[in-house]
Number of protein chains: 2
Amino acid sequence: MKIKYELLKKEKNTKARLGILKTNHGDFETPMFMPVGTLANVKTLTPEELKEMSSAVILANTYHLWLRPGEDIVNQAGGLHKFMNYDGPILTDCGGFQVFSLVKNKKDITEEGVHFKNYLNGDKLFLTPELSIQIQNKLDSDIAMSFDECPPASADYDYLKNSVERTLRWAKRGKAVHANENQSLFGIIQGGPIEDLRAYSAKETVKMDFDGYSIGGVANDGESKEDMYKAIDYSIPYIPDDKPRYLMGVGDPIDIIEGTIRGIDMFDCVLPTRLARHGNAFTRHGKINLKNAKYKKDFTPIEECDCYTCKNYTKAYLRHLVVCNEVLGGRLLSIHNIRFLIRLTEELREAIKNDCLLEYKKEFIDKYENKN
Amino acid sequence: MKIKYELLKKEKNTKARLGILKTNHGDFETPMFMPVGTLANVKTLTPEELKEMSSAVILANTYHLWLRPGEDIVNQAGGLHKFMNYDGPILTDCGGFQVFSLVKNKKDITEEGVHFKNYLNGDKLFLTPELSIQIQNKLDSDIAMSFDECPPASADYDYLKNSVERTLRWAKRGKAVHANENQSLFGIIQGGPIEDLRAYSAKETVKMDFDGYSIGGVANDGESKEDMYKAIDYSIPYIPDDKPRYLMGVGDPIDIIEGTIRGIDMFDCVLPTRLARHGNAFTRHGKINLKNAKYKKDFTPIEECDCYTCKNYTKAYLRHLVVCNEVLGGRLLSIHNIRFLIRLTEELREAIKNDCLLEYKKEFIDKYENKN
């Protein structure tokens, strides 16, 4: 069965939506943040821990799983859920983002697909729209992504226009070979921060009738927040109300708020786990780094928070673990950071229910940016 | 309050004992294996996970905690239990083993104490019997160790004799400054594999009336198993029945069985977590390395086992995590390996109850060494 999105409520003063996404592995409310389980695990964490922090859906990386352990092994295990012992919904990306970051030469990007080298052993590899879908079919995630061309943040109008056109052709090719009745497929909208390109990309992608729509090309290095907001604003009006909208690769708390206000339902990012590995924690008053000497004798939790870490450990202990490179430190901070973003989406849903999203935003940002 | 050891039963055909050790942080049956929490955490694991695998007591390293975060910070946190959020019994070692492995020059070992360099920053440090105890007092573990001289495996008779004498003088000095009414103190028996030295060391240490007795100098690199068994056999007869006996640094499954047969109550070792970090798992049929290609498509658990890892994950998935250097792999293998040793001690206690320890040993070893 395919996913089903149900729109529960629109917020009065913004484009934000409260919804529910029904999948074969459980339903979850949106807006929602999805932790990233690159290699079929959210780094350092078990599925039980994800559930404990009310994480309802995760993302896994097609590119990484294609290389290791390979989609056939995952398929023989019974699909990603069985392979990693996780029974909640899983979304896979298309591999495009990773592959395009590995392309050395413009001529390696062809109409047929993308040539690049396996970063693990130097082998020549070739990823096509069809192969991306076939790999995802075998991984058997709940939601798959169409293979798109990810233009660099520096791309000019013509480059972006060609990317949009190619992404549409690739979406069609991928859809044609998609052959997993239990897997839904999203189309990806490209077009940079350019209004007419986003509009065109959105309209044409929607015509193909996907199960949901992603806004891509917004998580490139060097891209401004303004450009990200434009990409959303120019795409959203053309996506039908009854389909979920997913902003790819975005997990900064303020971006999640801004994306929600603009009508986004789903977010994903490696940020909470990556920050954790470097000793950083989200707090309501901005990010902190536990390595800071001022936490040496701070026997209070990171902050007032309902996560396992804050209920049980002090900043002094976390600092000790982080300074000593003890893995448990990154693990405990990952729990807090993911819970922080999940809790943020819970509060956003509450604010949508109460039609007070703009007030919530102001209060959150004032505190987060240390203005009060 | 000090610990109290209660002898429940002696096995009929060996020197093995079933006992119970009562501490301020809970009681546990012996023989028992203690996982090592070097830096105030058992690497990658939470206290809840240790409890789930029926781990009842852990060891923490005085030397490492002295350097980071420092005993004063732990003390200000309210002691090790509060610092690391672990409410079970904790034993600390004396630091001797680590310090002696860092000594570059024989003249750095003096009657007053041991000079060595901080491996983290090159600072000159000096550890004395008094300081070791004072640090442990502040860490506030349930059980502290006297500071001993650890001779190398290659030491000759005279070296060993001098070590025994010095260890006795150091034990006396440490006991004199020990000032934590809630912390018990063990004496350490040295003397290598030499019968008269072990006997002398044991008798003189017992005269000082410690709360328990450790057999040291048995976990050196290059030491033979025969020498380890001799060290135990020559020490045990002089330790009173009403005191616990702890074999320091030993965690190989067969050594735990052999130690138990010889009258040991407590074991500790980094082996289960260290093996796990390198992708190895204990099994009833010997150790296996999950990196082995033959596990690529092995969708069965490590073995029939009641641990979280074996109940939930396949060898193919564990192999994938280990090959990709995903921390969760080492974490899941640590859970299995520690549970393996804890379960071994549970079975040893059962065999003692049923007076069938030698049969149990034969059956275990035949399988473990792949003889059946």
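**Close-up 1. Ala40(B) sits in the loop between E4 and helix H1 (47-52) of chain B.** This view, like the others here, comes from a predicted model. Most residues other than glycine have a negative phi, and most peptide bonds are trans. For Ala40(B), phi is positive, near 65°, although the residue is not a glycine. Is Ala40(B) buried or exposed? Ala40(B) counts as buried because 28 other C-beta atoms lie within 10 Å, and 20 or more are enough for that label.

**Close-up 2. Ala40(A) is found in the loop between E4 and H1 of chain A.** Here is the residue with this number in the other chain. What is phi of Ala40(A) near? The value is near 65°, which is positive in a residue other than glycine. Ala40(A) has 28 C-beta neighbours inside 10 Å and therefore counts as buried.

**Close-up 3. The peptide bond from Thr30(B) to Pro31(B) is cis.** Omega of this bond is near 0°. To find the spot, follow chain B to the loop that lies between strand E3 (26-30) and strand E4 (32-35), where Pro31(B) is placed.

**Close-up 4. Arg68(B) and Pro69(B) are joined by a cis peptide bond.** Omega is about 5° for this bond.

**Close-up 5. Chain A is divided into domain 1 (4-269) and domain 2 (270-372).** The C-alpha centres of these two domains of chain A are 26 Å apart. Where the domains touch, 31 residues of domain 1 of chain A are in contact with 29 residues of domain 2 of chain A. Strand E4 (32-35), helix H1 (47-52) and helix H10 (253-261) of chain A each bring at least two residues to the domain 1 side of this contact. H10(A) supplies the largest share of that side, six residues. By class, the domain 1 side splits into 16 nonpolar, seven polar and eight charged residues.

**Close-up 6. H10(A) and helix H15 (residues 357-368) of chain A come within 11 Å of each other, axis to axis.** Two packed helices are described by the angle between their axes and the distance between the axes. In this pair the axes cross at roughly 165°, so H10(A) and H15(A) are roughly antiparallel to each other. The crossing of H10(A) and H15(A) is left-handed. From H10(A), the contact is made by Pro253(A), Ile254(A), Ile257(A) and Ile261(A). From H15(A), Leu357(A), Lys361(A), Phe364(A), Ile365(A) and Tyr368(A) take part. How many residues of each class are in this contact? The contact of H10(A) with H15(A) has eight nonpolar residues, no polar ones and one charged residue.

Technical notes: Residues numbered from 1 in each chain as written. Chains lettered and ligands numbered in written order. Predicted model: local features only at pLDDT ≥ 70, side-chain atom pairs only at ≥ 80, totals over all residues. Domains from an automatic or database assignment. Contact = placed C-beta atoms within 7 Å. Helix = DSSP H or I, 4+ residues; strand = E, 2+ residues; numbered from the N terminus. Nonpolar A, V, L, I, M, F, W, Y, C, P; charged D, E, K, R; others polar. Axes fitted to C-alpha atoms, helices over the stretch in contact; angles between N-to-C directions. Parallel < 35°, antiparallel > 145°, perpendicular 65-115°, else oblique. Left-handed = near helix turned anticlockwise from the far one by under 90°. Buried ≥ 20, exposed ≤ 12 C-beta atoms within 10 Å, placed from the backbone.
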